[in-house]
Amino acid sequence: MLTNIESKDAITLIQVREERLDAHNSPELKNQMLALLEEGKHRMIIDLQEVRFVDSSGLGALVSGFKNASARNGSLKLCSLQPQVQSMFELTRLHRVFDIFSDRHQALSSFQDLSGPA
Amino acid sequence: MSERIFLHISFPYETGYLGLVGKIGEQLALSLNCFTGDRESLAYHVNLVLTEAVANAIEHAAANRKNPLLQVTVRVENGLLTMRVFDQGDGFSLCDVQEPCDDGLAEHGRGIFIIKSLMDRVSYIKLDDGYVLEMEKNLY
């Protein structure tokens, strides 16, 4: 699983550098997110700009990250979904679960109004 | 004359082959002249359902399976696209699949729902030495 991880204003941005997010590589993403959460990085953005394909395992990994972040009073948001990837969130109704932003700047801005523990 | 294609793919029970199998299906769908709808979407869906079905077969494969290779066939004939994924696992019930809830936070269980949503017919059939998940899509 190829990812770029950077931090900005106590927000961790994970850019997935893979064309596919499927049962082969999604467990690794799930573990990466969990490791960051356990380091105390509870505000997270997953940038899916380069992901053209996501299957149910990929969706499951993101749900896992979302649940683990929420359990720590944190937040996991998504940005830059390609149309076919967005359609998978709509088909499975997960677009109603996640905060999804058109780009990383909007996702970063959305954290500015957040208060409480991070 | 109607378009006829038949592919038989055999490969190890490993998730590292998901991308290859999915892309073979995607490229086949992109080449279908008989399909007059949105070919890009069809190709994406073929990639997706093959990926889901093969991942499912790998996950549920029996440890003592006779055949070390997973078998997938893709057939185009008489305006029908039929994909079959053969597994040597313990089987499951298609009826167990539930629609996702609006606040559904399950980490598993969406694969068969996705297949059933995107295909016109899905069946899971018991064979002498395992099961076959058959997925059909009308091309016209």
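Which residues in α1(B) meet which residues in α2(B)?

## About the model

This is a predicted model, in which local features need pLDDT of at least 70, side-chain atom pairs count only at pLDDT 80 or more, and totals for chains, interfaces and linings use all residues. Residues are numbered from 1 along each chain as its sequence is written, chains are lettered from A and ligands numbered from 1 in the order in which they are written, and side-chain values use heavy atoms, leaving out hydrogens and water.

## Two helices of chain B

From α1(B), Leu18(B), Val21(B), Gly22(B), Lys23(B), Gly25(B), Glu26(B), Ala29(B) and Leu30(B) meet Arg39(B), Glu40(B), Leu42(B), Ala43(B), Val46(B), Asn47(B), Leu50(B), Thr51(B), Val54(B) and Ala55(B) of α2(B). Contact here means heavy atoms within 4.5 Å.

The axes of α1 (residues 18–30) and α2 (residues 39–59) of chain B come within 8 Å and cross at roughly 150 degrees. That makes α1(B) roughly antiparallel to α2(B) (the word is used for angles over 145 degrees). Helices are DSSP runs (H or I) of at least four residues, and axes are lines fitted to C-alpha atoms over the stretch in contact, with angles from 0 to 180 degrees between N-to-C directions.

## Where the chains meet

The contact draws 26 residues from chain A and 29 residues from chain B. Four salt bridges are counted between chain A and chain B (a side-chain nitrogen of Lys or Arg within 4 Å of a carboxyl oxygen of Asp or Glu). One salt bridge joins the side chains of Arg52(A) and Glu26(B), at 3.0 Å from N to O; Glu26(B) is also among the α1(B) residues that meet α2(B).

Conventions
Angles under 35 degrees count as roughly parallel, over 145 as roughly antiparallel, 65 to 115 as roughly perpendicular and the rest as oblique.
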